[in-house]
Amino acid sequence: MKKFVSLLLALALVLSVFAVATAEAPKKIGISMPTQSLERWNRDGSYLDEQFKAAGFETILTYSDNDAGRQVNDIQNMLADEVDLLIIAAIDGEALNTVMDEAANAGIPVISYDRLILNDAVSYYVSFDNYTVGKLQGQYVETALDLANAGDKTYVIEFTAGDPADNNAGYFFNGAYDVLKGYIDNGTVKVTSGQTAFQEVATAQWNTDTALNRAANILASYYADGTVLDAWVCSNDSTALGVAQAIESDYAGSNTIIVTGQDGDIANLANIVDGKQTMTVYKNVMNEAVVTLELAKAMLAGEVNGEELVKTFGVDCAYDTESYETSEGTKCPSFLLVPSVITKDNLNDLVATGLYVMGDDGYLKAAE
Ligand code: GAL
């Protein structure tokens with residue numbers, strides 16, 4: 001009898017351990033980031049990973065070295081590992097069709113993170129207002145050169161845009177170009193290289209050296225004779241880094257050229273302190289991670305009410321069901337955070353986020 005009771009007790013123990021294990025099995029989140037070669041994605045990857053883990057999820061985090069084929073593989077492995085939800089920042093918005101269909105067939109929801117994936121299997125899009133990012137860059141140049149009151153004065157500008165495979169790149173470029181187009185059309189602004197089409201000014205993979213080489217060529221071909229350049233509109237910080245380097249070594253003139261950027265990368269913030277870059281459009285990616293976490297929780301609970309959900313984030317974010325399409329006619333419900341302008345004059349705004357600290361040397365560093 002004693003033996004029987006202890007057998008029963010042992011069985012009960014095994015069953016209860018099993019019950020706890022099943023009840024508490026954490027949901028698994030696949031986080032697929034494009035590359036570690038650009039600063040921001042390292043921040044996104046670690047913020048997302050930390051946030052989800054702290055909320056009790058299990059995570060798989062991958063970086064695909066800017067190789068679209070590898071990203072497909074990484075996502076397929078996540079599906080094989082039975083993730084419950086995917087968060088993907090696409091290297092190429094059009095290269096994930098097959099794997100997105102595989103996710104849809106397996107019933108796995110997908111959040112397109114920062115960059116839109118152009119496949120209808122995407123459930124939601126979390127990003128910043130990308131057109132506004134470009135607009136802020138264009139408006140910065142417009143105000144700094146006071147283009148509206150130029151009268152007979154003329155100014156010279158060049159453009160550097162992002163990766164054509166990244167759906168964001170066109171939004172950034174158009175946002176900036178649309179502000180400046182009127183001034184180009186009426187002759188107030190000249191683009192000496194004549195390169196004003198997105199494809200002409202684009203930078204594959206947002207690569208710093210590619211941007212540097214193109215800028216160096218333009219400076220050698222069109223500005224070596226002393227032609228003055230007033231501004232170089234760069235879509236982001238990795239390209240601005242290359243352009244600033246080319247200006248430093250190859251620009252014949254002595255004026256300070258306005259250089260725009262985006263992201264608030266540490267090297268670019270140093271360039272802003274040193275006067276080699278003028279502004280960056282800052283996007284708080286910690287907030288982007290927070291929004292993604294809250295959205296994922298609502299999706300897994302099967303209750304996403306976009307309008308209501310944005311009110312719970314505690315950060316400035318719009319719910320937008322019109323602006324982004326995954327394919328012709330299919331709108332993707334989007335959560336769009338708000339970007340801001342950072343210059344030498346308001347670097348302390350970054351310190352106030354808690355994500356940066358001001359070093360004794362006057363340069364910003366990432367907070368520990
Ligand atoms: C964009 C992103 C930017 C920038 C760029 C290069 O998609 O929105 O913040 O980092 O990629 O990585």
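Analyst: The largest cavity holds about 100 Å³ of space. A cavity here is a set of points on a 1 Å grid over the protein atoms alone where a 1.4 Å probe fits but cannot get out; grid points are joined across faces, edges and corners, and the volume is the space filled by probe spheres set on the points. By this rule the count is one cavity of 30 Å³ or more.

A word on the source: this is a predicted model, in which local features need pLDDT of at least 70 and side-chain atom pairs count only at pLDDT 80 or more, while totals for chains, interfaces and linings use all residues. Residues are numbered from 1 along each chain as its sequence is written, and side-chain values use heavy atoms, with hydrogens and water left out.

Helices (H or I, at least four residues) and strands (E, at least two) are DSSP runs, numbered from the N terminus. By type, the lining divides into four nonpolar, three polar and six charged residues. Here Ala, Val, Leu, Ile, Met, Phe, Trp, Tyr, Cys and Pro count as nonpolar, Asp, Glu, Lys and Arg as charged, and the others, Gly among them, as polar.

Arginine 40 sits in helix H2, which covers residues 39-54. Its relative accessible area is 5%, so arginine 40 is buried (under 20% is buried, over 50% exposed and in between partly exposed, with a 1.4 Å probe and protein chains only). Beyond its neighbours within four places in sequence, arginine 40 is in contact with Tyr113, Asp114, Asp263, Asp265, Lys283, Val285 and Glu288, where contact means heavy atoms within 4.5 Å.

Aspartate 263 belongs to the loop between strand S9 (258-259) and helix H10 (266-273). With 8% relative accessibility, aspartate 263 counts as buried. Its phi is positive, about 125°, although aspartate 263 is not a glycine.

Conventions:
1 Å grid on protein atoms, 1.4 Å probe; cavity = no way out; pocket = protein on both sides within 12 Å on 5 of 7 lines; lining within 4 Å.
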